[in-house]
Amino acid sequence: MNMKVNKKGVVAAFFIATGMLAAYDAQAQRTYEEMELLTVNEQVTTVITASEPVRMVDISTDKVAGDQPIENIIRLKPKDTGHEDGEVLAIVTIVTERYRTQYALIYTTRMKEAVTDKEILLHERDAYNNPAVSMSTAEMVRFARRVWSSPAKFRNVATKAHRMVMRLNNIYAVGDYFFIDFSIENKTNIRFDIDEIRVKLADKKLAKATNAQIIELTPALVLEHGKTFRHGYRNVIVVKKMTFPNDKLLTIEMTERQISGRNISLNIDYEDVLSADSFNTTLLEEE
């Protein structure tokens, strides 16, 4: 079969494809001159605020000092004097849970020109699928609030101490995480000032209270950060999914701030954790 080839069409398609590739390459590659420029001075701290937790920061040279005082704040400041106006001191790369951003740090001798407060704007964010983050903090908070609002389904997992009752309300399995919903009823008139909430994996029967028998777990999220309550308290803690043997208990412990303060612990059996998978996730999908 003979086929006629439209040479003009082929040439046009070639240039279109080439243009698309060039546009893609232009987006994939960037020089410091194409980045957002931040002017810096050794007498000024430049504070960069991200809209979500920052997972990684890279400063390309040692001319600039930086730290991360809280999860979504980066602080930067040149270490030395003697730089020229317009000198590029470093490229700073910021990677969050869902995007990455780069800034070129340009030195200025005029302190009043240095940027003191910078918020990462929408057009400065390049979408990034961070492999270390299976669920963003924003998603986690959204799920946790729905769990907090759901009716209690556990009735028989509770602890009593100091005229208080600590009770398990729900366990949901969402993605790679367990969402554990618990509450405390304070039957006294004495306010409870929270010192800390700890999550541990411990033996059911401790012959000796050794560190080897207790594993401290770091929650991925604690929904409510209130530090005091008088009669009632409720919270949702998110922990990474895990499996543990039947001779272990998942324990949530709350301690009071005073030296002679009260403490109360909720022990969750492995069978209760397993039942999380049977929960209906419709509640979590509703808007």
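## A walk through the predicted model

R145 and E224 form a salt bridge, and their closest N and O atoms are 3.2 Å apart. R145 counts as partly exposed because its relative accessibility is 43%. E224, at 28% relative accessibility, also counts as partly exposed.

Keep in mind as you look around that this is a predicted model. The pLDDT averages 82 over the protein, and 81% of the residues score at least 70. Confidence is highest in strand β2 (residues 46-49), at 97, and lowest in helix α1 (residues 7-28), at a mean of 44. Across residues 1-26 the pLDDT is below 50, and this stretch has one contact in the model beyond near neighbours in sequence.

Back to the charged pairs: the count comes to 14 salt bridges. Side chains of opposite charge can pair when their charged atoms come close. E253 forms a salt bridge with K200, with the closest N and O atoms 3.4 Å apart. Because E253 lies in strand β18 and K200 in strand β13, the pair ties together parts that are 53 residues apart in sequence. Here both E253 and K200 are buried. Salt bridges with shared partners join E253 and K200 with R198 and E216 into one network. Another pair to find is E124 with K118, whose closest N and O atoms are 2.8 Å apart; E124 and K118 are both buried.

The largest nonpolar core has 28 residues, and L168, I180, F182, I184, L250, M254 and I268 touch the most other members. Elements giving two or more residues to this core include β11 (164-174), β12 (177-186) and β19 (263-269), as well as β13 and β18, the strands that hold K200 and E253. The largest share, five residues, comes from β11. Leaving aside residues up to four places away in sequence, L168 touches F154, V157, I180, D181, F182, L266 and I268. Apart from this core lies another, of 17 residues, among them L38, I48, V64 and Y107.

Finally, follow the open sheet of four strands, with the order β4-β5-β2-β8 and mixed pairing. Its edge strands are β4 (64-67) and β8 (117-119), each pairing on one side only. From one strand to the next, the twist averages 20°. Strands β4 and β5 (residues 73-78) run antiparallel and are joined by four bridges. A65 has K77 in β5 as its bridge partner.

Terms used. Residues numbered from 1 in each chain as written. Predicted model: local features only at pLDDT ≥ 70, side-chain atom pairs only at ≥ 80, totals over all residues. Heavy atoms only, no water. Core = buried A, V, L, I, M, F, W, Y, C linked by side-chain atoms within 4.5 Å. Buried < 20%, exposed > 50% of the residue type's maximum accessible area, 1.4 Å probe, protein only. Contact = heavy atoms within 4.5 Å. Pairing = 2+ DSSP bridges. Axes fitted to C-alpha atoms, helices over the stretch in contact; angles between N-to-C directions. pLDDT = per-residue confidence, 0-100. Salt bridge = Lys/Arg side-chain N within 4 Å of Asp/Glu carboxyl O.
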